[in-house]
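Look through the sequence and the model below. The text then walks from the fold to the packing.

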Amino acid sequence: MGRIEEVLTGSKSPVFIGFTVAGDPDKTTCVRIARALIAGGTDILELGVPFSDPVADGPTIQKADERALGAKTTPATVFAIVREIRTESDVPIVLLTYYNIVYRRGIERFYREAHDAGVDGILIADMPVEESDEVCNIASRRDIAPIFLISQTTSDKRIKKIAAKARGYLYLVAVLGVTGVRDEVSGRAIDLLNRVRRHTSLPLAIGFGISTPEQAQIWARAGADGVIVGSAIVEIVERNLKDPDAMERELKEYVTDMKKALIRDHLP
Amino acid sequence: MTKKGRYGKYGGQYVSETLMSALIELESAYTNVSTDPQFASDLTALQAEYAGRETPLTFCPNASGKLGCKIYLKREDLVHGGSHKLNNTLGQALLAKRMGKKRLIAETGAGQHGVATAIVGAALGIPVEVYMGEVDMRRQALNVFRMELMGAKVIPVRCGTRTLKDAINEALRDWVANVRDTYYLIGSVVGPHPYPLMVRNFQSVIGREAREQVIRKERRLPDAVVACVGGGSNAIGIFYPFLSDDVELIGVEAGGKGINTGKHSATLCAGDAGVLHGTLSYLLQDEQGQVLPTHSISAGLDYPGVGPEHAMLKDNRRVTYAAVNDPEVLDAFRFLSRTEGIIPALESAHAVAYVMQNTERFDKDDIVIINLSGRGDKDVAEVAAMKVCA
Ligand SMILES: Cc1ncc(COP(=O)(O)O)c(C=O)c1O
């Protein structure tokens, strides 16, 4: 069993999946950010590989990508960050990337290096299941879980196709739109969770727009196996760029609060 | 096309999951209309009565004398709106209407595609919003005014390089958020399948007409067809009907300040395979796969990608791709204006410049068709400000 499965099957409560952009604002600070997220109780760490044209992302993560690229972050930097985290933690690590980064490095090489660094899963934001044969074969040889997105617009037929290829967990997109903090939880997203549940026994994690403990609890009650938070974390990073100590403190407190909200026995 | 949506190894559908249903819906709607005689006759009627097709194939005696071969211009500058872009927007807007979409969004670089979308929005009664890089809004202020005059909303794009690439990024982000009732009307043969196929088919009217016209006038096929390549829609539109003929096809990219300076948009000449905006094609990128900033004197060619069919046609050598630099383009802009009284768009002036730079390749009796993809009125203010054209 891989680290992702272990964490998901071992937890009675929905897990907290925290995202930050690798190399934002620079390599050293990013490792501190990861450490703070883990110290707060992050169950699975998602690291975004910065890209010049992140079309699935809203302004918050776009800016984080720009900061990371400004600090000359490359895939090699990302793998170095993963290796450094691995020296002190067994937290499952999932990379979120755009396909050109993988394609350019060579799919084989990218997955080999990712595996060697200690990556557990890879989600390619612009790789629908129809285009994913080659990538999935290589991922499986390297023992890396291919993670896929499912959205409100995904048909039942495609949900089945995706579930058949995915490993680790399915990443359900809570909103129509790009990443970024939202105030409300849409009823359509709850319907999606129920719809996907009928087709698969894979764990279901939900992300996009989630930032508050109250939102996390809505998803926990609805039966999600995990909630994913990205932009809200990156906003804390952005707010504290001048004070990494405060950044670390705030991140740890934030994750601690979110984790508390997710404990099953605490659900209102 | 070999596999679905593929041109050799190029093409495909590299988009986020939310857009897949929209692409599947679009593909099936397009397949339906492409065999529907009613759709074809609606489109033909609009092309004739509204857009002003067919466009002339103009023989240019003065330019021919100066360049030492028989120069013909395919006059897409005379299409309503001032460029070939309307060929595509008419087709796609009719399709959007059939699909019951309530809103059109588009990206634009030079503003010509934005104008062509604003035109069809007004004519067919569909609201239009156009994403345009802030830099391009400044370069093409006249077109911003035209779009707004026709009721379109122009949304300035302030992220990234603030040009065409980022306008497409923003349009894609809008589409993901509003995918149920919004139609993304893409302006070139780029993006995920079925766009490259659909836009090529709508633009092929250029080549079909040109082929018939040249045979009528000269009783033979031309020796060469030359077109500028940004995303590649006017080029593939004129090339496509000549692909199986013994005719040299030449695509001209924006060499900007020179390929060796790095300040250019010559994707096929200087890029390599990569994935951007949903398609695998040639791409200007760094070692790590980050997309590079581009430069061109013409906003419409200022794009780091190119249509996937061109990538295949480069690899199999059916089409020759070359680049010309900004100063040569300005010379061509002036040359065609003076010798023929036709002011070309700076984009189209690239094709003219190629012939001017390569006169030794053509004999006196050779027939060369240049695709004059647009008229230059939109560029006059910008060129005047450079003071190199006096
Ligand atoms: C007149 C004209 N020609 C050419 C182009 C480049 O586009 P494409 O390569 O798709 O024809 C543009 C784009 O704005 C244009 O306005």
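In what order do the six strands of the open sheet in chain B run? The order is β3-β4-β14-β9-β10-β13, with mixed pairing. Strands pair if DSSP finds at least two bridges between them; strands (E, at least two residues) and helices (H or I, at least four) are DSSP runs numbered from the N terminus. β3 (57-59) and β13 (319-325) of chain B each have a single partner strand, so one side of each lacks a neighbour in the sheet. From one strand to the next, the twist averages 25 degrees.

This is a predicted model, where local features need pLDDT of at least 70, side-chain atom pairs count only at pLDDT 80 or more, and totals for chains, interfaces and linings use all residues. Residues are numbered from 1 along each chain as its sequence is written, chains are lettered from A and ligands numbered from 1 in the order written, and side-chain values use heavy atoms, without hydrogens and water. Chain B averages a pLDDT (the predictor's confidence in each residue, from 0 to 100) of 96.

Back to the sheet. β3(B) pairs with β4(B) (residues 70-75) in the antiparallel sense, over three bridges. There B:L57 stands opposite B:K74. Helix α10 (residues 205-218) of chain B packs on the sheet and touches β3, β4 and β14 of chain B. Contact means heavy atoms within 4.5 Å.

Now the packing. The largest nonpolar core has 196 residues. Such a core is a set of buried (under 20% relative accessible area, 1.4 Å probe, protein chains only) Ala, Val, Leu, Ile, Met, Phe, Trp, Tyr and Cys residues joined through side-chain atoms within 4.5 Å. A:Y169 is among the members that touch the most others.

Conventions
Axes fitted to C-alpha atoms, helices over the stretch in contact; angles between N-to-C directions. Buried < 20%, exposed > 50% of the residue type's maximum accessible area, 1.4 Å probe, protein only.
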